[in-house]
Amino acid sequence: MKKCLLASAIAAISTNAFALSGTVVDLDGNPVPNARIEVVGSKTVASSDASGAFNVDEGTSHEIHVTAAGFSHEVLHLDEGVPANLTVRLRRSAIEQVDVVGLPIHASAIESAQPITVLSGEELRNSQAATLGDTLENEVGVHTSFHGNVASTPIIRGLSGPRVLVTQNSLDVSDVSRVGPDHAVSSEVSTAEQVEVLRGPATLFYGSGAIGGVVNVVDKRVPTDSDTYGEYFVTHETVNDQDLASINLNTGVDSFALHLDGFWRESDNYKTPVAPDNEPGEDHSHDALEVANSDDESNGYTVGSSFLMDNGYVGISVGKLNRQYGIPGHAHDHGEEGVEAPERVYADLEQDRYQLISEIQLDSEWLSAINTRIGYTDYTHSEIENGEPSTTFSNKTTEFKLDLMHQPLAHWKGGAVLQYKTSDAEARGEEAFTPPSDSDSLGLAIVEERHFNNLLVQLGARIEQVNVSADAVRLPALELHAHEEGEHEEEEEHEHEGDDVIFAEDLTFNPVSLSAGLVWEFTPGYNAAIAISHAERAPSAAELFSFGAHMGTRSYEVGALFALHEEGDEAHFDVAEIEPELETSNNIDLTFRKHEGDFGLILNAFYNQVDNYYYQTATGFFVEGEHEHDEDAEDEEGAEEEHDHDHGGELPVYAFTMKDAVLYGFEAQGIWQVTPAFKATVFSDYVHAQLADSHTYIPRTPPMRFGTRFEYQVGNVQSQIGWSHYSNQDDVAPMETSTEGYDWVDASINWTLPLASTDLTVFLKVDNLTDTEARVHTSFLKDLAPKPGRNFRLGLRGTF
């Protein structure tokens, strides 16, 4: 009996191996070298030689994926058997097509109903910056919060914060960057392999915190092969004297694989061109202004190892990140002659990250693959003022994801995704505007897709349980100030009498998400897609429990758990009578793609109706600030009000409330390979965001943007120049100021030198070629910290 059970178990995971050989050619019959041939369900990957020929020693599935640079993906289904010699014909494409790692079902960005952007290779290295938001700011549909060059986060279609999830290898980065704009994302791009942007709701795969999209940073910290290869990168930048060095190394022996990576970065305060307001007749020349507390010192490393098997791998990694970065906006200096330089105010960040990743391909009766991801992150950062920690933030997160992919059922391919995540977040000190809280979520998702000839159908559903709790929610005795308009300002004071009220709160939400997508390949090289989704999000602890001064937003924040009561001359905050509700997004995406030939085109249009949108609204009251900050830096949302009334150190009170909102817009990109050496790209994006029941705009909505880029390559030399125009943004929220548009020009040149088994690239990039004064409307610090001035970046990149 035991032998029978053992035999059955072995049979369940055994492989029905087959050999496959063939040739990869283009439509004219010319061989395509270095094409990648992958048999889904097998760890074995082959490459075509100079004649286009390839051999796969062992395959385990009849689904074949063939990819090559400059060509469209080709997916073959060998349901009728494996041919003796396979000929694969690839069509040329001006659009770079890269596989998406962050999806449980294999797909490229061109094959998905949901708009996806993948930044990799030379394009990633040319775009990389010290922050994730600034790295992605030139991607269509993505903007940056630009917090003084040190803590910028991505904004996707006008959404950010708790609505956009940042992951590393599909696991939450688990920092506190979604709580405040002055908190850096703890993910390093210089050691990454690619960065994926999923625009629109991605809650099926990542949970309710991804209602606005996902940015997935992919690296090789858990290696998948034992080949020896690597990359090193060294740069120097002039605008902030930044030096950066990074290295990636992969090696191994037989079934043992090893990965090492590390980076080191150091920079000073950056300089920006700021023209002062001069009177007529005055000298209009100006020197570059140095933005105080915009320096950075960081380093990190990762060690990973895997055990490789014929049908997959299992591996672990240990990573360490240390970073000290300045916090712009905390300076006390006006830059006047005789005033001492401001003392450095900075954040001291540490993170330890552990990951276990396993991907096992099966050939059992029911399952085709089991993919496991487990992560544990211990994150802490302290904000240092006067040499002492003023506020300390910490976040300990454990996450588990299990993908159970089934064998094709009536030609449907897919599986179930089980995810559990628990986070223990805490903030203590002067700016601890949220109490310590615990967040736990358990989700189960089903994702399926099927080809009906030239029509691909994608379906998904997810149900979650999210629990958000805090033992010491604080309702303080708050003194509110109301200001009346007029030449002689009058104040009314309102105070919630008595002592601070401390109480416990435990809230449970059950978000449900549904999606359906169609991709129609109506003629070779063209497809049209529609994606419809219903996504629900549980509010974050900061949106619920906040009650205190948040200097990152230069405001006093009050969570949705509280409500403002005004009775005659009395005004105070109390616990709200209405329970917080789920934020609900109903989203539709329409996409058209021409992805073959010398001209490629991608057009996206989206409409997003959000019910119970958690929104910070101005109460009209002010409180005394708990900090002194640079008085020249006006509050982003209350700049005009504070300046007109000279409120000094007071902070405007903003309260989270639930209101319906509508966001819609488009993204467009056209790529023309004019000649084999010359490529031209044009692009544009736009988002309109306002509350549904009024003409009130949502604050810090990105302006319309359009631009072009030209690339030219001769031999081993590649050059490019790009121009982007950011329009004026006059669609502003109450107490928010408009922002003047600007033009941004950058250029670069790369020279690749083959040296033995190494390719060495020498490059020079110039950012802000015209030394333009550029203020980012989506930044809380647009009046204090414009973008950097002209910057020269010189560096070396080597691959082996």
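The model is predicted, so local features need pLDDT of at least 70, side-chain atom pairs count only at pLDDT 80 or more, and totals for chains, interfaces and linings use all residues. Residues are numbered from 1 along each chain as its sequence is written, and side-chain values use heavy atoms, with hydrogens and water left out.

**Salt bridges**

- A search of the whole structure turns up 28 salt bridges; a salt bridge here is a side-chain nitrogen of Lys or Arg within 4 Å of a carboxyl oxygen of Asp or Glu.
- One of them joins Lys-421 to Asp-172, with the closest N and O atoms 3.0 Å apart. Lys-421 sits in strand S25 and Asp-172 in strand S12 (residues 171–172), so the pair ties together parts that are 249 residues apart in sequence.
- Helices (H or I, at least four residues) and strands (E, at least two) are DSSP runs, numbered from the N terminus.
- Are these two partners buried or exposed? Lys-421 is buried, with a relative accessible area of 15%, and Asp-172 is buried at 14%. For reference, buried means under 20% relative accessible area, exposed over 50%, and partly exposed in between (1.4 Å probe, protein chains only).
- Arg-793 pairs up with Glu-237, and their closest N and O atoms are 3.3 Å apart. Arg-793 belongs to strand S45 (residues 791–799) and Glu-237 to strand S15 (residues 229–237), so this bridge ties together parts that are 556 residues apart in sequence.
- Arg-793 is buried at 8% relative accessible area, and Glu-237 counts as buried at 10%.
- Arg-537 and Glu-583 meet through their side chains in a salt bridge of 3.1 Å, N to O. This pair links distant parts of the chain, with Arg-537 in strand S32 (residues 526–537) and Glu-583 in strand S37 (residues 583–594), 46 residues apart. Both Arg-537 and Glu-583 are buried.
- There's also a network of salt bridges, which links Glu-122, Arg-125, Glu-231 and Arg-797.

**A five-stranded sheet**

- Five strands make an open sheet with mixed pairing, in the order S8-S13-S14-S11-S12. Two strands pair if DSSP finds at least two bridges between them.
- Strands S8 (116–120) and S12 are at the edges with a single partner strand each, so one side of each has no neighbour in the sheet.
- Strands of a sheet pair through backbone hydrogen bonds, either parallel or antiparallel.
- S12 pairs with strand S11 (residues 164–168) in the antiparallel sense, over two bridges. Within S12, Asp-172 is the bridge partner of Thr-167.

**Asn-126 and its contacts**

- Asn-126 lies in helix H2 (residues 121–127) and counts as buried, at 13% relative accessibility.
- Which residues does Asn-126 touch, leaving aside its neighbours within four places in sequence? Asn-126 is in contact with Gln-720, Asn-750, Lys-765 and Arg-793, where contact means heavy atoms within 4.5 Å.

**A nonpolar surface patch**

- Leu-418, Tyr-420, Leu-442, Leu-444, Ile-463, Val-512 and Leu-514 form a nonpolar patch on the surface, with about 580 Å² of accessible area together.
- Strands S25 (412–429), S26 (437–452) and S31 (512–523) are the elements that give two or more residues to the nonpolar patch.
- Patches are made of residues with over 30% relative accessible area and no salt bridge, with like charges joined within 9 Å and nonpolar side chains (Val, Leu, Ile, Met, Phe, Trp, Tyr) within 5 Å. Accessible areas come from the Shrake-Rupley method with a 1.4 Å probe, and for residues only the protein chains shown count as cover.
- Val-512 lies in strand S31 and counts as partly exposed, at 30% relative accessibility.
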